[in-house]
Amino acid sequence: MITLHQARTLIAAGEARADALGVAANIAVLDAGAHLKAFARQDGAVLGSIEIAVNKARSAALFQAPTEALWDYAKPGGPSPGLENSNGGLVVFPGGLPLFDASGALIGAVGVSGGAPSQDLDIAQAAAAVLLA
């Protein structure tokens, strides 16, 4: 289970990376059950990205995989075309990462939205990296 302290630490690391990139981001941290644990909307972050950040984290938690990996299944011609329409709507582009503890158990997920998909992924990776430190 991800603790509130860990979630807040992830948010702070994500905010620092977003600042370094010049991106105003929404950052969501969910627990392993895909319930919101912590959230931050940086000044200037687009309102429409709030739900995207949460849904990126939810998608990563539900499938225990980075959101961009889900595209391989959901794309036309993939094994599960339209997968993004399941589970109340999934996000299948970069910016959502599952979070695991030292034993490999899922403890939560982080989702970022506000920049380009590559920037969102960069920010999510910086946030997730604090768990490994």
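**View 1. The whole chain and its surface.** The protein exposes about 6300 Å², and carbon and sulfur atoms supply 57% of that area (Shrake-Rupley method with a 1.4 Å probe; for residues, only the protein chains shown count as cover). Please keep in mind that this is a predicted model: local features need pLDDT of at least 70, side-chain atom pairs count only at pLDDT 80 or more, and totals for chains, interfaces and linings use all residues. Residues are numbered from 1 along each chain as its sequence is written, and side-chain values use heavy atoms, with hydrogens and water left out. From the N terminus on, the elements follow the order α-β-β-α-α-β-β-α. The radius of gyration is 14 Å, close to the 14 Å that the globule rule gives for 133 residues, so the protein is as compact as a globular protein of that length (the radius is taken over C-alpha atoms, and the rule is 2.2 Å times the number of residues to the power 0.38). Along the principal axes, the C-alpha atoms fill a box of roughly 40 × 35 × 20 Å. Buried residues make up 43% of the 133 residues (buried means under 20% relative accessible area, exposed over 50%, and partly exposed in between, with a 1.4 Å probe and protein chains only). Among contacts between residues at least 6 apart in sequence, 61% join residues at least 24 apart (contact means heavy atoms within 4.5 Å).

View 2. Helix α4 takes in residues 117-132, 16 residues in total. From its first C-alpha to its last it reaches 23 Å, close to the 22 Å expected at 1.5 Å a residue (the expected span is 1.5 Å times one less than the number of residues). Its buried residues are Asp120, Leu121, Ile123, Ala124, Ala127 and Ala128. Seen down the axis of α4, these residues fall within an arc of 165 degrees, so they line one face of the helix (the arc is that of the directions from the helix axis to the C-beta atoms). On the other side of α4, you will find Ser118 and Leu132 exposed. The cover over the buried residues includes α1 (4-21), β1 (26-31), α2 (49-63), α3 (67-74), β3 (96-100) and β4 (106-113).

**View 3. Strand β4 and its two partners.** β4 pairs with β1 in the antiparallel sense over six bridges (two strands pair if DSSP finds at least two bridges between them). In that pairing, Asp31 stands opposite Gly108 of β4. β3 also pairs with β4 in the antiparallel sense, over five bridges. Here Gly96 stands opposite Gly111, and Leu99 has Gly108 as its bridge partner. β3 is itself mostly covered, with four of its five residues buried. The hairpin of β3 and β4 has five residues between the strands, and Gly104 takes a positive phi near 95 degrees there.

View 4. In α3, Thr67, Leu70 and Ala74 are buried. They cover an arc of only 40 degrees around the axis, which puts them on the same side of α3. Among the elements that cover these buried residues are α2 and β3. Tyr73 also lies in α3, and at 44% relative accessibility it counts as partly exposed. Leaving out residues up to four places away in sequence, Tyr73 touches Gly78, Pro79, Ser80, Pro81 and Leu83. Tyr73 and Met1 are 72 residues apart in sequence and 28 Å apart in space, C-alpha to C-alpha.

**View 5. Gln42 in its loop.** Gln42 sits in the loop between β2 (36-41) and α2. With 9% relative accessibility, Gln42 counts as buried. Which residues does Gln42 touch, not counting those up to four places away in sequence? They are Glu15, Ala18, Asp19, Val23, Ala24 and Ala25. To Ile27, the separation of Gln42 is 15 residues in sequence and 8.3 Å in space, C-alpha to C-alpha.

Methods
Helix = DSSP H or I, 4+ residues; strand = E, 2+ residues; numbered from the N terminus.
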